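User: I am new to this structure. Please take a close look at its sheet and the loops that go with it.

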Amino acid sequence: MYRRRGLFHATTRKLRNLVLRQPEVTTAMSIATRRVTQESLRKLRKQLIVQRDAYPQQVVVAAGTCGEARGALAVVKALREELARRKLTDKVLLRVTGCHGFCEQEPIVIIQPGDIFYGHVCPHGVGEIVTQTIVHDTIIDRLLYTEPYSGEKLRSETAIPFYAVQTRLLLGQNKWLDPKSIDDAIANGGYTALGQVLAATNPGHVIDEIKRSGLRGGVGKGLQVGQIWESLRIAEDQRKKCVICSVDDVDPAAHIDRNLLESNPHAVLEGMLIGAYAIGAHAGQLRLRNEHRLALRHARLAVKNARQYGLLGANILDSDFSFDVDVVQETYGPADIDERLQENPSCRDSAESWANIPGIINHGAAWFAERGFGGGTGTKILSLSGPIKNPGFVEVPLGMSLRTIVLDIGGGMRNGSKLKAVQTGGPAGGCLPMRKFNLNVNFDSLARAGSMVGSGGIVAIGRETCMVDVTKRSLEFLQGKSCGKCAFCRDTLGRMLDIVTDIVEGRGHPEQLDLLETLARSESDASACTLGKTASNPVLSTLKYFRNEYDAHIHDGRCPAGVCRALVRYAIQEEKCAGCGRCREACPHDAITGEKNEPHRIHPNACTQCGICYDTCKFDAITVT
């Protein structure tokens, strides 16, 4: 197994090197004129647009982390070879982009003009795409998206329900950008907002515009970005101010910031530049975790190219403003990061918040604010996961209902599963039942319901899932992420986890529920950090909305979902058992006996409730009680 895994990673690295082998800076400028001014930037943008529009056709391949995992690099390699073989490289522009959001459909290929959307593309199907669609302008029906209810074949992104109700201010840019090319960023309007800010405004005007937009960030806390900037603007000692893009992505179900830096790093850099100008900072940091390999590579290349163009460094765009960014590969936790930054007045925010800044400057605060409704302004990128039909990254107006997000965009549950709840905001978020699905998704409404926007993760939970077990797993994750310096948080988290573990393993007592609730409320009120204050969300929300499942575990000695092993018993129905012996052979504890073609039997004393027999049986002869 390990040899195969090593071979897979080695093959992927080799393929990536082959596919992405090109000059680090794709530029229309000579070495002597790379340092741009306001005027030369405008001329360069026009020149790049003319060059791009000279291609009659464009083929776009989504190749973020999710695309690479599904084989997108092999598709890119096959397309390059096929276009070269057919001598079409001067007529067809091949663009390798970041993620388009619809991860379930990867590898994705889009052909322009026509916005033709092909999903689940394989390398061996590339020749057919080039021949039929690019050369002969014929649609390949089997590669189009099939609407699951009507069976209709949908030709373009805008017709696909997953995309149709989104408002993709950020994610919509991805298909037009090669994240490795600063020229692609400039051709699509990159650094226009920076030019406007440096040429025609002062820092106070920039801050006022961000305040009017209602943009909220603060690394998932929902703080008003404009107010943060205003307080930092008046802070003393301008030399020590720093702006920071923090790509923590500790939520295993989200990775939104990593996605943005993989797909559109120059939007994040431009937002940081504008923020630094507004608060009076001259230094910045892009902080990414070790595991964000693709995002790290694209961020470093973006910083390098921006320096070569004079968009980072001294006297940017011939102004008095100077600013530079370091890319920091982190090997320590979020708590340590905060401590190291306490010495200096720092503006720390997510990649999503920084990437929104250029659009607000270019189009105005009202343009951004009007994208939200129901108490929210602008849009929010969310990561949909769990047993739903359309997992992936979506961007919706703040204020859209949970029902629309999960059922319309997410497509509902797959494989016959029935939806019971969603957990929003990551492991520290609350679990909300279906009766709350008309709730508008924004920072305030989710907080009132006992959850949060947080990391932007939304995990669908099916009826076959135990909510007490969900709480246990959330507490285990949060305990592992706690810095441990605050004794109250550390000890309370551990005590809550002990109680929930007792309940899951059949040792729970009724009086423990009151203690659990008291501990959770104390944790929320007394903790010093955000993790501690939100760690009670999964406990309090499941006690509020799913208390019947706690009661069933404690009073009835059963797990309604049939998940908690200590409260589950497996038995074989003799009338359904064919005596095939599959369950007996699969059982790792020799707990099943029986002769071939005769009914088998599970011995309770030997059974460890692992469930392997239940998964193995083809005759539905095994019951869970």
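Analyst: Start with the naming. Helices (H or I, at least four residues) and strands (E, at least two) are DSSP runs, numbered from the N terminus. This is a predicted model: local features need pLDDT of at least 70, side-chain atom pairs count only at pLDDT 80 or more, and totals for chains, interfaces and linings use all residues. Residues are numbered from 1 along each chain as its sequence is written, and side-chain values use heavy atoms, with hydrogens and water left out.

Now the sheet. Four strands form an open sheet in the order β2-β1-β3-β4. The pairing is mixed. Two strands count as paired if DSSP finds at least two bridges between them. At the edges lie β2 (92-97) and β4 (116-118), and each pairs on one side only. From one strand to the next, the twist averages 20°. Strands of a sheet pair through backbone hydrogen bonds, either parallel or antiparallel.

Look at one pair. β3, residues 109-112, pairs with β4 in the antiparallel sense. Three bridges join β3 and β4. I110 has F117 of β4 as its bridge partner.

A helix comes next. α4 (residues 72-85) lies across β1 (57-62), β2 and β3. Contact here means heavy atoms within 4.5 Å. α4 runs at about 165° to β2. Axes are lines fitted to C-alpha atoms, for helices over the stretch in contact, and angles run from 0 to 180 degrees between N-to-C directions.

The loops hold some backbone exceptions. Most residues other than glycine have a negative phi, and most peptide bonds are trans. P107 sits in the loop between β2 and β3. The peptide bond from E106 to P107 is cis, with omega near -10°. P113 is in the loop between β3 and β4. The bond joining Q112 and P113 is also cis. Its omega is about 0°.

D137 is not a glycine, yet its phi is about 55°. D137 belongs to the loop between α5 (126-135) and β5 (145-146). Buried means under 20% relative accessible area, exposed over 50%, and partly exposed in between (1.4 Å probe, protein chains only). D137 is exposed, at 61%. Y191 also has a positive phi, about 70°, without being a glycine. Y191 is in the loop between α7 (182-187) and α8 (192-200). Y191 is buried, with a relative accessible area of 1%.
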